[in-house]
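This briefing goes through selected features of the structure shown below, grouped by topic. Please keep the sequence and the model at hand while reading.

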Amino acid sequence: MPTVVDTVVLHYFLVVDRAALLLELLEAPVGVPRIVFDPDDGQADDAMVSELRRNIRYEQRIADTAVPTNGDDTTRELESARATAQTRAVRLRAMDGLVTDGAIEVIDLTEDELDLVGRLTAREPDPSLGILVALDDGEAACVAIAVARGWTLATDDGDALRVLDHLAPDHPYDRIRRLLVRGATDGLVTEAEANEIHEEMTRAGFWDRVRPFPER
Amino acid sequence: MGVAERLSEARELAGYSQEQVAAALGVSRPMVTYWEGGSRSPNDRQLVGLSRLYGVDVAALSGDDPLERGQPAADMMFRGVGEEQLPPEGRRGLGEFVDFLDTYARLAAQMDFDIHGMRQSPFAKSSSFDTADDARRKAEEVRAHLRLGLGPVGDVDRLCDLLGITVLRTQLGTDLSTTISGAFFKHPKVGFAILVNLDMTPGRRGFTVAHELAHALFHSDKEPYVLSFATKDPRERFADTFAGEFLMPTEGVRRVMEEQGFGPKITDPADVIQLQRFYKVSYATALVRLRQARSIKQEDFDRFKQIRPVIYARSLGYEPDPEEFEQDADHWRLRRYPPRFLRLLRLAIHKDRVSVPSAAKLVGVSIDELAEFAAAAPVGTDEAPVSTRELDEFEATGVPA
């Protein structure tokens, strides 16, 4: 079954430089909605670009921030944050190559899928969907594709999974931790490596605090 | 109505030209014409971008829902000023303000969270306050009510927070001859709320909070909202005078000048810096106030305007205040939201009622940034326990807790 993958999953696998592992773990073909990544949105304002492009720009902005040169602790911290952001920006930009090489396909929504996106992102969410605030645009697009086309949804957004459960109970989905566990089970990484990757992701901002192999 | 017609109508309702839309989306102007003519269609990402730009739901552009903002309160304010008077960025900011308040109210209700919003001014009476003398008197009254004496107000945002007044900062445009510097709105569920134009200089933003506070405290009994244009409207003059007097009371300034031996008129810009630092206002605000109080001669005022205050203050031994720099709107990001709302948002994330990506979309920041905000824990972090050391110091020096 093909997989539609959302911004969160792509973002964290990219920032830890493990896009290849992600692609091995997901069932091909792997698709992303244009709202998540659009290879042709380079000229648009920040608010108008695709989500991954916005993340790239955010990291690049930090990387380009001028650092005072008085050599104190604050300077060193800023310099370190700048270097980290530069690394992340470069790694996130790998997305362009993955799309060009055909490893990831950019998907345009059908009218029905777009209608569902409209429902999921409405200012006042439909109470029957089980969410308190509107779904993020990219997540909404991924849910719409997963539901309409019967694809597996790869996400780590609790709200997206809540909606998926309301719209299509028992629909197949993947989360980052589950993917890492599968990676170790399939012998693509060791259990220790899976934990390390997860830890690196949490250092980059990923909010899941339970390691794939807590006993290790 | 087809998508093409909806796009055209939504753009006109929002007040954008095709050129402006093209620039925002990074496409050519003819492309926008093609979309609106129906010969080509925007892709999904562009359609979502257009919905954001026009302040309407995606469904309103792509589906059969009626094409309206869906924000009766914002529409009421737009009608009040006449839509043509407010530039597109002003309309978008105003829409965002009302949207934010509606969401805040809904989220608070779902989370059983008390906003503690002020719903009635402890000051407003039925008589109208609109003269300069009224304003000065009322500023003194509010200062007395808040036990501020003649000293500095400090952080006026935090003061509003304590009073139960919600303050949001958003971009409303840079041209203050056409757009608003801020707004006051009595939201039915959140209570009193203030909007501040983030496109203004940092010092002017602080002044605007105090200005809108005047509307909240003294005009809210008659007006559900006030949009602050640069007009000679007596209400606006009242709020300006109130803000100046509230932030830097004339009598307080006079006493400081006397005690510091500045003389009847200030002739040294270092004295302006000292007053500015004491009252925690911007250099420009202090300068304007001192001129209003006739404590600076016109020629000195003109001379002091040429000073670079941050550099000059540093040469006098004052650490630069980050708020004094010309910060672009981007710098504010999460800080433009009221602390009480951020507390609610963090609570909703921690209780797994709102996901990090949904919250990031809600406040318009990246997932990384929101995740960092959500992860910040009040205890048990790696931060050096400075507070514990400080408490030990209090104990060691015999200051009882």
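D137(A) is buried, with a relative accessible area of 5%; here buried means under 20% relative accessible area, exposed means over 50%, and partly exposed lies in between (1.4 Å probe, protein chains only). The model is predicted, so local features need pLDDT of at least 70 and side-chain atom pairs count only at pLDDT 80 or more, while totals for chains, interfaces and linings use all residues. Residues are numbered from 1 along each chain as its sequence is written, chains are lettered from A and ligands numbered from 1 in the order in which they are written, and side-chain values use heavy atoms, with hydrogens and water left out.

**Salt bridges**

- The side chain of D137(A) meets that of R52(B) in a salt bridge, at 2.5 Å from N to O. A salt bridge is a side-chain nitrogen of Lys or Arg within 4 Å of a carboxyl oxygen of Asp or Glu.
- R52(B) lies in helix α4 of chain B and D137(A) in helix α7 of chain A, so this pair joins two chains. Helices (H or I, at least four residues) and strands (E, at least two) are DSSP runs, numbered from the N terminus.
- R52(B) is partly exposed, at a relative accessible area of 32%.
- Over all chains, the count by this rule comes to 42 salt bridges.
- Another salt bridge is formed by the side chains of R88(A) and E59(A), at 3.9 Å from N to O. R88(A) lies in helix α4 (residues 73–92) of chain A and E59(A) in helix α3 (residues 51–64) of chain A, so the pair ties together parts that are 29 residues apart in sequence.
- E59(A) is buried, with 2% relative accessible area.
- In chain B, R235(B) and D233(B) meet through their side chains in a salt bridge of 3.8 Å, N to O. R235(B) is partly exposed at 21% relative accessible area, and D233(B) is partly exposed at 28%.
- R34(A), D38(A), D108(A) and R45(B) are joined into one network by salt bridges that share partners.

**Helix packing**

- Helix α2 (residues 18–25) of chain B packs with helix α4 (residues 44–54) of chain B at an angle of about 125 degrees, and their axes are 11 Å apart. That angle makes α2(B) oblique to α4(B).
- Axes are lines fitted to C-alpha atoms, for helices over the stretch in contact, and angles run from 0 to 180 degrees between N-to-C directions. Angles under 35 degrees count as roughly parallel, over 145 as roughly antiparallel, 65 to 115 as roughly perpendicular and the rest as oblique.
- The crossing of α2(B) and α4(B) is right-handed. A crossing is right-handed if the near helix is turned clockwise from the far one by less than a right angle, and left-handed if anticlockwise.
- In chain A, helix α9 (residues 176–185) and helix α10 (residues 191–203) cross at roughly 155 degrees, and their axes come within 8 Å. α9(A) is therefore roughly antiparallel to α10(A).
- The crossing of α9(A) and α10(A) is right-handed.

**Backbone geometry**

- Most residues other than glycine have a negative phi, and most peptide bonds are trans.
- A28(A) and P29(A) are joined by a cis peptide bond, with omega at about -5 degrees. P29(A) sits in the loop between α2 (19–25) and β2 (30–33) of chain A.
- H116(B) is not a glycine, but has a positive phi of about 55 degrees. The loop between α7 (88–110) and α8 (132–145) of chain B holds H116(B).
- K280(B), also a residue other than glycine, has a positive phi near 55 degrees. K280(B) is in the loop between α13 (269–279) and α14 (283–292) of chain B, and counts as exposed at 59% relative accessibility.

**Contacts across the sequence**

- R149(A) and P2(A) are 147 residues apart in sequence, and their C-alpha atoms are 9.1 Å apart in space. R149(A) lies in helix α7 (residues 137–149) of chain A and counts as partly exposed at 31% relative accessibility.
- L198(B) and T174(B) are 24 residues apart in sequence and 8.8 Å apart in space, C-alpha to C-alpha. L198(B) is in the loop between β3 (191–197) and α10 (202–218) of chain B and is buried, with 3% relative accessible area.

**Surface patch**

- L391(B), F394(B) and V399(B) make up a nonpolar surface patch, with about 280 Å² of accessible area together. Patches are made of residues with over 30% relative accessible area and no salt bridge; like charges are joined within 9 Å and nonpolar side chains (Val, Leu, Ile, Met, Phe, Trp, Tyr) within 5 Å. Accessible areas come from the Shrake-Rupley method with a 1.4 Å probe, and for residues only the protein chains shown count as cover.
- L391(B) is in helix α20 (residues 386–396) of chain B and counts as exposed at 57% relative accessibility.
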